[in-house]
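User: Please examine the strands of this model and explain the reasoning behind each description.

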Amino acid sequence: MDSAEELQRIAQEVVNCTACGLHFTRKKAVPGEGPADADLMFIGEAPGFHENEQGRPFVGAAGKFMESMLEGIGLSREQVFIGNVIKCRPPRNRDPQPDEIQACLPFLDRQIQAINPKVIVTLGRFSMRRYFPNAKISEIHGQAKFINGRMVVPMYHPAAALHQPALRGVIGEDFKRLPEWIAKAKSGLPSERTEPEEPQQMSMF
Ligand code: URA
């Protein structure tokens, strides 16, 4: 099966998933979207109100902000894969619970494996914890690190900029470095913070 077919299969499984309690309250599951051969993959937290209505990731205010950041570096959302740690909206946008993250994890793992992106950008702390379980986002945002041969760049969640306008500039600066990270990842050159290491324990979420 090629990667596009695998992504479609995953999406089908996601919309039919009943592995955690969120399926009782979701309107539409949000598998994620983008090219199966994307160089760049964004991993957000969880669908919000608009995503739950439309079944698509980052289509609300945070998504608009993210699109403008992408535009600033000459990319459109159609050129990148956009996914989430969990695929169904938590009621009232509460934080995802450990059992929900655990139940959804195989979908994200399979998406990453199918796409095999050069660079993963984690958006916000839930996504960051997959790769940097003990880190503080204020200390490591925007810094690329090779983890198991793949470049990972933790960033603030775009929704944070909607609540804290001072973060707009910070996120903008982090986005501006992405073309450089992608070029480095493509050339196989290690980033400044290269550390060979095993993937983090998935249970560390
Ligand atoms: N926030 C997220 O983390 N993901 C979405 O899809 C939308 C908003």
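User: What makes β3 largely enclosed by the rest of the structure?

Analyst: In this predicted model, five of the five residues of β3 are buried, so the strand is largely enclosed by the rest of the structure. Buried here means under 20% relative accessible area.

User: Which residues cover the two faces of β3?

Analyst: Val 119, Val 121 and Leu 123 lie on one side, Ile 120 and Thr 122 on the other, and all are buried. In a regular strand, side chains alternate between the two faces of the sheet.

User: Why are β1 and β3 called paired?

Analyst: Pairing requires at least two bridges between two strands. Strand β1 (residues 40–44) and strand β3 (residues 119–123) have four bridges, in the parallel sense, and therefore meet that requirement.

User: In what order do the strands form the open sheet, and why do β2 and β4 stand at the edges?

Analyst: The five strands follow the order β2-β1-β3-β5-β4, with mixed pairing. β2 (81–84) and β4 (145–147) each have a single partner strand, so one side of each is left without a neighbour in the sheet. Neighbouring strands of this sheet are turned by 30° against each other on average, direction ignored.

How values were computed
Residues are numbered from 1 along each chain as its sequence is written. This is a predicted model: local features need pLDDT of at least 70, side-chain atom pairs count only at pLDDT 80 or more; totals for chains, interfaces and linings use all residues. Side-chain values use heavy atoms; hydrogens and water are left out. Axes are lines fitted to C-alpha atoms, for helices over the stretch in contact, and angles run from 0 to 180 degrees between N-to-C directions. Buried means under 20% relative accessible area, exposed over 50%, partly exposed in between (1.4 Å probe, protein chains only).
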